[in-house]
Amino acid sequence: MSDSRTPEEGSAESDDGPQRPPRYEQVIRWAEYIKTQPPEVWGPQQNAVVNGHIESAQAVDVSAEEKKRIREFADDVLEAERGENGDADGK
């Protein structure tokens, strides 16, 4: 999926034009893609995206307080997801 780059807001390639599909359409395309490809094909692609996000996040200066708030938010989201799935041990 080579079109996952998100242009800067207000740029000539921003999401306000009809030529760029909404983000959910890209998610649907990805879901369809992974249904037709083995994990050995799409796994490294997804890992590259996730690793890129991690590297970008690490490059941002974030205070200890902001890191704590982010961690608490992530923990709350994970806890809520586990509760929705009725899976208390997170598996």
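Here is a short exchange on a predicted model and its helices.

Biologist: What are the ground rules, and what is the average pLDDT of the protein?
Modeller: This is a predicted model: local features need pLDDT of at least 70, side-chain atom pairs count only at pLDDT 80 or more, and totals for chains, interfaces and linings use all residues. Residues are numbered from 1 along each chain as its sequence is written, and side-chain values use heavy atoms, without hydrogens and water. pLDDT is the predictor's confidence in each residue, from 0 to 100. At least 70 is reached by 70% of the residues, and the protein averages 80.

Biologist: Which pattern does the protein follow along the sequence?
Modeller: Helices (H or I, at least four residues) and strands (E, at least two) are DSSP runs, numbered from the N terminus. There are three helices and zero strands. The pattern reads α-α-α.

Biologist: Which element has the highest mean pLDDT?
Modeller: Helix H3 (residues 64-84) has the lowest mean, 91. The highest, 93, belongs to H2.

Biologist: At what angle do H1 and H2 pack?
Modeller: Axes are lines fitted to C-alpha atoms, for helices over the stretch in contact, and angles run from 0 to 180 degrees between N-to-C directions. H1 spans residues 23-36 and H2 residues 39-59, with axes 8 Å apart. The angle is about 140 degrees.

Biologist: Which residues of H2 make the contact?
Modeller: Contact means heavy atoms within 4.5 Å. H1 supplies Trp30, Tyr33 and Ile34. H2 supplies Val41, Trp42, Gln45 and Gln46.

Biologist: Why does Trp30 count as partly exposed?
Modeller: Trp30 sits in helix H1. Buried means under 20% relative accessible area, exposed over 50%, partly exposed in between (1.4 Å probe, protein chains only). Trp30 counts as partly exposed because its relative accessibility is 22%.
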